[in-house]
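Have the sequence and the picture open while you read.

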2 protein chains.
Amino acid sequence: MQHNAVAAGARSWPRVEKVVPDTRTYPRGVAYVDGAFTTISEAKISVLDWGFLHSDATYDTAHVWNGRFFRLDLHLDRFFGGLEKLRMSIPYSREQVAEIMHTCVGLSGLRAAYVEVICTRGSSPTFSRDPRQSVNRFMAFAVPFGSVANQEQLRRGLHVAVSDIVRIPPKSVDPSIKNYHWLDLVRGLYDAYEQGAETALIRDTDGNIAEGPGFNVFVVKGGRLTTPAFGVLPGITRQSVFEICGLLGYEYAAEPVPLDNLLGADEVFITSTAGGVMPVTIVNGQPVGNGNVGVVTQEIMKVYWERHEHPDWSVAVAYPEA
Amino acid sequence: MQHNAVAAGARSWPRVEKVVPDTRTYPRGVAYVDGAFTTISEAKISVLDWGFLHSDATYDTAHVWNGRFFRLDLHLDRFFGGLEKLRMSIPYSREQVAEIMHTCVGLSGLRAAYVEVICTRGSSPTFSRDPRQSVNRFMAFAVPFGSVANQEQLRRGLHVAVSDIVRIPPKSVDPSIKNYHWLDLVRGLYDAYEQGAETALIRDTDGNIAEGPGFNVFVVKGGRLTTPAFGVLPGITRQSVFEICGLLGYEYAAEPVPLDNLLGADEVFITSTAGGVMPVTIVNGQPVGNGNVGVVTQEIMKVYWERHEHPDWSVAVAYPEA
């Protein structure tokens with residue numbers, strides 16, 4: 001016998017409201033949705049959008065620091081690459097998407113911002129299960145700059161634990177399409193919290209280190225830098241570290257990183273648009289090297305932030321006059 | 001040099017709108033969001049909800065047929081199981097969730113409905129990256145009943161193609177947590193469309209058949225039924241077919257299903273809440289068996305729909321008086 005919540009006769013029927021207020025608090029920020037700019041707290045997506053119901057979406061996040069976008073062109077390259085691979089299209093050119101991102105930041109007034117562009121599969125009037133019948137949906141938003149590591153963690157290094165969870169493999173989802181499939185990473189995070197760590201690294205299908213929730217990882221050993229090659233997002237901060245290694249004369253490679261290499265490293269750091277280059281000083285409860293933030297890490301962090309003023313890597317945001 | 005969309009001086013600033021109208025058309029239906037009932041076209045989720053930005057969510061979908069919920073208890077079991085595994089909580093008991101689902105259907109007036117309940121990780125006021133700081137968000141909606149197979153396909157059988165895409169493995173995401181990680185299935189669908197098929201099956205990590213977009217698959221050979229055991233959603237329609245096999249005296253097993261077993265089958269069918277038991281008559285361009293909908297499939301379809309009136313498997317929805 002199935003559960004019948006309330007006898008039919010006893011039921012009193014609630015109203016179908018025209019508008020349901022969302023009483024939650026959201027950060028500052030400005031979004032672009034359905035063709036107009038609005039505050040971030042008003043930026044909503046239909047619950048029937050396949051971007052929500054099937055995570056059928058791609059996105060990218062750039063950042064603004066001291067009123068300048070950092071490497072926006074690389075983020076646009078990756079975003080438009082993801083659109084093509086997912087067979088999505090948007091009614092905006094690359095220049096128009098850049099313009100929308102600039103406008104979100106300008107309207108928000110944020111001098112340090114995290115700026116996301118998103119395209120979802122969208123929806124069709126019939127709720128068709130055929131993705132070809134959906135009209136894709138584009139949106140963007142700027143919120144205050146956030147970091148994987150807080151100020152204290154940046155100073156003394158993050159505490160990381162390695163989970164046995166395997167990052168969703170490339171045979172399932174192409175990792176060069178930046179995507180929202182994060183349940184593996186979220187599970188890794190909870191595993192890390194249980195071990196007293198602050199964030200997580202998860203594995204690739206061979207058991208080597210892959211990446212963490214929103215970041216790539218680098219290992220420094222004898223002055224040489226390595227980072228996982230397989231099954232990871234080709235991060236733009238990761239790419240920037242490659243180029244900074246070139247500037248500084250460090251040898252670097254993308255290659256398999258076994259757990260032992262991580263545990264036996266001189267230095268470890270992670271990279272993300274959300275925070276840049278961030279030191280790791282404890283892995284699985286054990287100190288990395290001498291337990292202090294390493295000199296190579298510090299040097300790369302310094303150049304990474306200096307490059308935010310360089311016209312090859314950054315461009316000024318226009319803000320409305322006060 | 002980075003792209004600078006418009007010179008600062010030339011820019012004219014758009015308004016930040018208080019409300020942005022969504023002009024898309026959605027199906028009929030009633031939703032429950034943020035504590036109130038509303039029409040489906042007004043049912044929205046914040047773009048900052050981690051259920052969207054990280055697909056950090058679980059859900060379930062039950063259906064109503066001829067004004068009766070089908071096996072609602074099993075759907076509630078799976079939904080509450082997923083909540084626990086994802087360490088989410090909602091401020092509603094099992095009875096209250098059932099009541100909300102009944103009310104969505106009653107208010108919608110739909111006699112045949114697809115009824116979804118969702119819990120997302122939610123959001124925090126600071127946009128924190130720590131999932132423990134998010135307040136989880138519950139929602140539900142009822143829309144008209146939909147089916148993987150349309151009337152013609154139900155009569156003559158679906159045309160399916162097998163893609164080489166691998167279903168996200170259990171080492172990455174526990175498939176018993178019903179989740180929205182579908183980019184593998186969507187890619188499989190596009191592969192199938194390119195081969196002229198109507199829907200797709202994708203593989204498990206061993207290369208055997210796993211499942212399709214929103215459905216399990218059964219193979220009938222010599223009167224015995226098999227369905228993949230590993231790395232697939234434990235579907236409730238799949239479970240119902242097991243029980244119907246018991247009623248009808250058919251032998252069945254969940255075990256590895258190699259591609260050859262599919263190609264050499266007497267009959268093939270798929271199972272989903274969205275459509276029930278649906279015949280497949282062409283796989284990879286070749287007819288299954290004699291190319292007609294098989295007798296075992298027809299018998300199971302018949303009992304499956306008959307059971308929708310049985311009080312052990314269904315319960316009446318209350319509707320407001322007209």
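Two strands count as paired if DSSP finds at least two bridges between them. Helices (H or I, at least four residues) and strands (E, at least two) are DSSP runs, numbered from the N terminus. A word on bookkeeping: this is a predicted model, where local features need pLDDT of at least 70, side-chain atom pairs count only at pLDDT 80 or more, and totals for chains, interfaces and linings use all residues. Residues are numbered from 1 along each chain as its sequence is written, while chains are lettered from A and ligands numbered from 1 in the order in which they are written.

**The sheet**

Let's start with chain B. Seven of its strands make an open sheet in the order 2-1-7-6-4-5-16, with antiparallel pairing. Strand 2 (36-39) and strand 16 (314-316) of chain B sit at the edges, each pairing on one side only. From one strand to the next, the twist averages 25°. Angles here run from 0 to 180 degrees between N-to-C directions, and axes are lines fitted to C-alpha atoms, for helices over the stretch in contact.

Helix 2 (residues 72-85) of chain B packs on this sheet and touches strand 4 (57-65), strand 5 (68-70), strand 6 (113-123) and strand 16 of chain B. Its direction makes about 175° with that of strand 4 of chain B. Touching, or being in contact, is about C-beta atoms, placed from the backbone, that lie within 7 Å.

Chain A also has an open sheet of seven strands, in the order 2-1-7-6-4-5-16 and with antiparallel pairing. At its edges are strand 2 and strand 16 (314-316) of chain A. Helix 2 (residues 72-85) of chain A lies across strands 4, 5, 6 and 16 of chain A, at about 175° to strand 4 of chain A.

| Strands | Bridges | One facing pair |
|---|---|---|
| Strand 1 (30-33) and strand 7 (135-144) of chain B | Four | Ala31(B) and Phe141(B) |
| Strand 1 (30-33) and strand 2 (36-39) of chain A | Four | Ala31(A) and Thr38(A) |
| Strand 3 (44-46) of chain A and strand 3 (44-46) of chain B | Three | Ser46(A) and Lys44(B) |

In strand 2 of chain A, Thr39(A) is the bridge partner of Val30(A). The hairpin of strands 1 and 2 of chain A has two residues between the strands, and Asp34(A) takes a positive phi near 50° there.

**Where the chains meet**

How many residues of chain B are in contact with chain A? The count is 88, and they meet 88 residues of chain A. Helix 3 (residues 94-108) of chain B gives the most to that side of chain B, with seven residues. The side of chain B that touches chain A divides into 49 nonpolar, 20 polar and 19 charged residues. For that tally, Ala, Val, Leu, Ile, Met, Phe, Trp, Tyr, Cys and Pro are nonpolar, Asp, Glu, Lys and Arg are charged, and the others, Gly among them, are polar.

A rotation of 180° with 0.0 Å of shift along its axis puts chain B on chain A, with an RMSD of 0.0 Å. The two copies are therefore related as by a two-fold rotation axis. The same surface serves both copies, as 100% of the contact residues of chain B recur in chain A. The superposition is by least squares on the C-alpha atoms of residues with pLDDT of at least 70 in both copies.

**Inside the core**

A nonpolar core is a set of buried Ala, Val, Leu, Ile, Met, Phe, Trp, Tyr and Cys residues joined through C-beta atoms within 7 Å. Buried means 20 or more other C-beta atoms within 10 Å of a residue's own, exposed means 12 or fewer, and partly exposed is in between, with C-beta atoms placed from the backbone. The largest core has 186 residues, and Ala31, Cys104 and Phe141 of both chains touch the most other members. Leaving out residues up to four places away in sequence, Phe141(B) touches residues including Val47(A), Ala31(B) and Cys104(B).

Val160(B) lies in strand 8 (residues 158-166) of chain B. Val160(B) is buried, with 24 other C-beta atoms within 10 Å. Among its contacts beyond four places in sequence are Ala197(B), Leu201(B) and Val280(B).

**A loop residue**

Asn66(A) is found in the loop between strand 4 and strand 5 of chain A. Its phi is near 50°, a positive value in a residue other than glycine. Asn66(A) is partly exposed, with 13 other C-beta atoms within 10 Å.

Technical notes
Two residues are in contact if their C-beta atoms, placed from the backbone, lie within 7 Å.
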